[in-house]
Structure formats: structure tokens, C-alpha cells
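Hi everyone, thanks for coming. Let me put the structure up on the screen, and then we can walk through it together.

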Amino acid sequence: MRTLNYHHLRYFHAVAHTGNLTRAAERLHVSPSALSVQIQRLEEQLGHKLFRRSGRTLVLTEAGRIAHDRAEAIFAAGDELVSSLRDVATTQLPTLRLGASATLSRNFQIAFLEPLIGRRDARVTLRSGSLRELLQMLEALQIDVLLTNTLPARSERSTWAQHLIAEQPVSLIGRPRRSRKPPGLDALLGAEPLIVPPPENHLRGAFDALMDRMGQKPHIVAEVDDMAMVRLLTREGAGLAVVPPIVVRDELKSAQLHDYGRLPGLKETFYAVTAKRRFPNPLLARLIAPWRRR
């Protein structure tokens, strides 16, 4: 039995993506006639026609569609192998490459990475950016896991998996008051300036619905999605923040800020998004498993 010629498969893959022999030949830096010969040889080896003509376009046959799907898997596995071994030349330490939404709580990121912090037998690389940028990095195998509080939209081509790793309550948090008995939530929500998530954040819809149920017309002074900025504004006394307590955990412990109560029905969800890989990073399971047991 003859082995598959992967150069032929690469040429086939390029033609399948362009639908045009000439454009694929230009991309591969070969002549159209030479490319045509390579495709014919692959068809002879597989025993099936891979393309049919539709006008000036080459369209995949059923056998061609199957071959294309297998080619995608083969090349993805190759890219993953290269990605998995990329750091070996510079270090023998197992490395976890993490991406986190730029607006995500730093405290939550530290809590997620806690099992690796201080270890001498592993290292971590961190990337931050928009959800779209990080999802592209995940699909390109440039990061191992994406932390986010907003799930990206899926399509039939999506290859990633989502893991719900935490649900955090949301509170009304601000600077402490001198009075021994602070006002209740109703009074605070109706009278105090508030720092809330922007309209596109899922928490904002839940907060607005809560205000409607309570018959409140909140005095909103800031709409902020960056958790670091929420911390700063709240510490400076700009208003009371609608935020998960984990975001301001240190300030609550030091009594710089005070938790005035949980907002009923509001919760923040945190996800770890991973690519489906043949060679999963062993460090990743150590990080996700503790959250699943909580």
C-alpha cells in the first residue's frame, strides 16, 4: 500500500480553498499545469475524482469534501504539534499560555492561576485583549485557555469548548459610612450615585430589570466595563458600584470598601474556553478541576 503524499494533499487543500487552479498556483508559487498534475496524482492515489467544474470554478465532489475535512484535521494536528513544542527550544518547563479579556477582574485571574503561582516546575504566559482577538489566538493555538465572563458566539465551525468555572454574586459596594446602621439596599439604590456595567454587558440587563421590579430610578454616574477602573472609581468615592465582591476583595478585607448587600437575581459567570486539541496542556486540567469541585 502506497503512503499518502502530503505535498499533494497540501496542493489539494489550497485549490479547495480558492476554487481556482490559477489562484492556488500563484499562492503556492508553482505553475497551473504542475499543480494540475499533482491533483491528478492525488486523485489516482485515492481512486476518486476530487473536483468537478462549475463554470470557471472548481467545486468539491463528495469524495473531495471528505478529503478536505480530513486534510483540515491533518494540518490542524500538525499546527498543534508545532505549537505544543514551540517553547521547548527556550525552556524545558511546562508552560500554560492564558488569555483573559482585558476587562476581566484581575483578582479572579489570580484565583484561577493560584495552583501554579510560586511553583518552580511550571511557568505561565499571560495575554489580554478583546474577546474577538483572544478567540482568534485560541483557534490559532497561540493560547491554551481563554478566561472570560462573556461567551463568544458559536457557529457550526466553532471548535472550542466552554467550561463554566464559577458563578459569583453581585453586590452594591462603596466606601464605608460612619453611621452604625447603614441604609438598606432600597434607600441606597434610590438615592446614591451608582457605577454600573455598560448596556452591552449582560449584568446591565439584569440590573435594569431589578430596578424596574423595585420601582427605582437609579442615579447612574458612570458606566464602566473595566474592573480595574471600577475599583478605582469606587475607592475614590465616585459612587456605589454594582460589582462582584471578588473584584474588590482586597479593599473589602482592609475595610477600604464595604459590601452593602447582595443584589437579588444578579450573578457574574466566569468561563474557561479551550480549543479541542489532540495534545491538551496537562497544566490546564489542574487549574479547571478545583473550580468544578466548588
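A word on the model before we start: it is predicted, and local features need pLDDT of at least 70, side-chain atom pairs count only at pLDDT 80 or more, while totals for chains, interfaces and linings use all residues. Residues are numbered from 1 along each chain as its sequence is written, and side-chain values use heavy atoms, with hydrogens and water left out.

Let's begin inside. In soluble globular proteins, nonpolar side chains tend to be buried together. By a nonpolar core I mean a set of buried Ala, Val, Leu, Ile, Met, Phe, Trp, Tyr and Cys residues joined through side-chain atoms within 4.5 Å. Buried is under 20% relative accessible area, exposed is over 50%, and partly exposed is in between, with a 1.4 Å probe and protein chains only.

Which residues touch the most other members of the largest nonpolar core? They are Leu96, Leu98, Phe108, Phe112, Leu147 and Ile165, out of 33 residues in that core. Among the elements that give two or more residues to it are strand S3 (95–101), helix H5 (106–113), strand S5 (145–148), strand S10 (258–275) and helix H11 (282–292). H11 supplies the largest share, 5 residues. Those element names come from DSSP runs, helices being H or I with at least four residues and strands E with at least two, numbered from the N terminus.

If you zoom in on Leu98 and skip residues up to four places away in sequence, its contacts include Phe112, Leu126, Val145 and Leu147. Contact here means heavy atoms within 4.5 Å. There is also a second, separate core of 16 residues, including Leu35, Ile39, Phe51 and Phe75.

Now look at S5. In a regular strand the side chains alternate between the two faces of the sheet. On S5 both faces are covered: Val145 and Leu147 are buried on one side, and Leu146 and Thr148 are buried on the other. Two strands pair if DSSP finds at least two bridges between them. S5 runs parallel to S3, with 3 bridges joining them, and antiparallel to S10, with 4 bridges. Leu146 in S5 stands opposite Gly99, and its bridge partner in S10 is Val273.

Strand S1 (residues 51–54) and strand S2 (residues 57–60) pair in the antiparallel sense over 4 bridges, with Arg53 opposite Leu58 in S2. The hairpin has 2 residues between its strands, and Gly55 in the turn has a positive phi of about 70 degrees.

On to the open spaces. These are found on a 1 Å grid over the protein atoms alone: a cavity is a set of points where a 1.4 Å probe fits but cannot get out, a pocket is an open set with protein on both sides within 12 Å along at least five of seven lines, and lining residues have an atom within 4 Å of a point. Grid points are joined across faces, edges and corners, and a volume is the space filled by probe spheres set on the points.

The largest pocket holds about 770 Å³ of space. Its lining has 20 residues, with Glu72, Ala73, Ala76, Glu139 and Thr159 nearest its centre.

Of its 21 lining residues, Thr103, Asn149, Thr150, Asn201 and Asp225 are the closest to its centre. Is Asp225 buried, exposed or partly exposed? Asp225 counts as partly exposed because its relative accessibility is 35%. Leaving aside neighbours within four places in sequence, Asp225 is in contact with Thr103 and Pro198.

Thr103 turns up again in the largest cavity, whose lining also includes Asn149, Glu268 and Phe270. That cavity has a volume of about 40 Å³.

Last, the two loop residues. His29 has a positive phi near 60 degrees and sits in the loop between helix H2 (21–28) and helix H3 (32–46). At 73% relative accessibility, His29 counts as exposed. Ala255 has a positive phi as well, near 65 degrees, and lies in the loop between helix H10 (249–253) and S10.
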